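Q: I would like to learn how to read a few features of a protein model. Please take them one at a time.

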Amino acid sequence: MKKIINTLAMFLLIISVGNAQSITKDAILGEWLSQEKDGKVLIFKQGEKYFGKVIWGKATGRKDEKNPDASLRHRDIIGSTILKDFVFKGKAWEDGSVYDPNNGKTYSCNMKLKSIDELEIRGFIGFSLLGRTTVWTKVK
């Protein structure tokens, strides 16, 4: 009887660990407020990749004037996708990019949760030691 209980407990532990990983994988989904509190980004999933679209900003009607692609300079910042192609790798979302509409540049980027309500976003050139980190807050 003791052996059956131990086996059942181990089985339940394995199932709960598997479920925890799938929950963690999508933990970044939802709305996030920028560190400066001047913009809100909706992080969503397409297939197995994660993206983020600007859904609100203090400067309504602001155009993407600094975009290196002249054909995109007339578009609104609100509605544009600034986080692209992130893949979940265990504890972080990696191999993506972040577009900074303030300077028109796109950076390599990794993201990880500092807590359930704080998302650390690290944009960089080359490797992550040469970059900048910002922390976004989950909108409840």
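Q: Is Asp 85 buried or exposed, or partly exposed?
A: Buried means under 20% relative accessible area, exposed means over 50%, and partly exposed lies in between (1.4 Å probe, protein chains only). With a relative accessible area of 33%, Asp 85 is partly exposed. This is a predicted model, in which local features need pLDDT of at least 70 and side-chain atom pairs count only at pLDDT 80 or more, while totals for chains, interfaces and linings use all residues. Residues are numbered from 1 along each chain as its sequence is written, and side-chain values use heavy atoms, with hydrogens and water left out.

Q: How many helices and strands are in the chain?
A: Helices (H or I, at least four residues) and strands (E, at least two) are DSSP runs, numbered from the N terminus. The chain has one helix and eight strands, in the order α-β-β-β-β-β-β-β-β from the N terminus on. Of its 140 residues, 29% count as buried.

Q: Which residues other than glycine have a positive phi?
A: Asp 85 is one of them, with phi near 65°, and it sits in strand 4 (residues 81-88). Lys 37 also has a positive phi, of about 65°. Lys 37 lies in the loop between strand 1 (30-33) and strand 2, and counts as partly exposed because its relative accessibility is 39%.

Q: Which residues form a nonpolar patch on the surface?
A: Like charges are joined within 9 Å, and nonpolar side chains (Val, Leu, Ile, Met, Phe, Trp, Tyr) within 5 Å. Areas come from the Shrake-Rupley method with a 1.4 Å probe, and for residues only the protein chains shown count as cover. Here Leu 42, Ile 55 and Trp 56 form the patch, with about 220 Å² of accessible area together. Trp 56 belongs to strand 3 (residues 49-57) and is partly exposed, at 34% relative accessibility.

Q: What is the volume of the largest pocket?
A: On a 1 Å grid over the protein atoms alone, a pocket is an open set of points where a 1.4 Å probe fits, with protein on both sides within 12 Å along at least five of seven lines; lining residues have an atom within 4 Å of a point. Points are joined across faces, edges and corners, and a volume is the space filled by probe spheres set on them. The largest pocket has a volume of about 640 Å³. It is lined by 27 residues, and the closest to its centre are Glu 36, Ile 82, Asp 100, Pro 101 and Asn 102.

Terms used. Patch = residues over 30% accessible without salt bridge, like charges linked within 9 Å, V, L, I, M, F, W, Y side chains within 5 Å. Salt bridge = Lys/Arg side-chain N within 4 Å of Asp/Glu carboxyl O.
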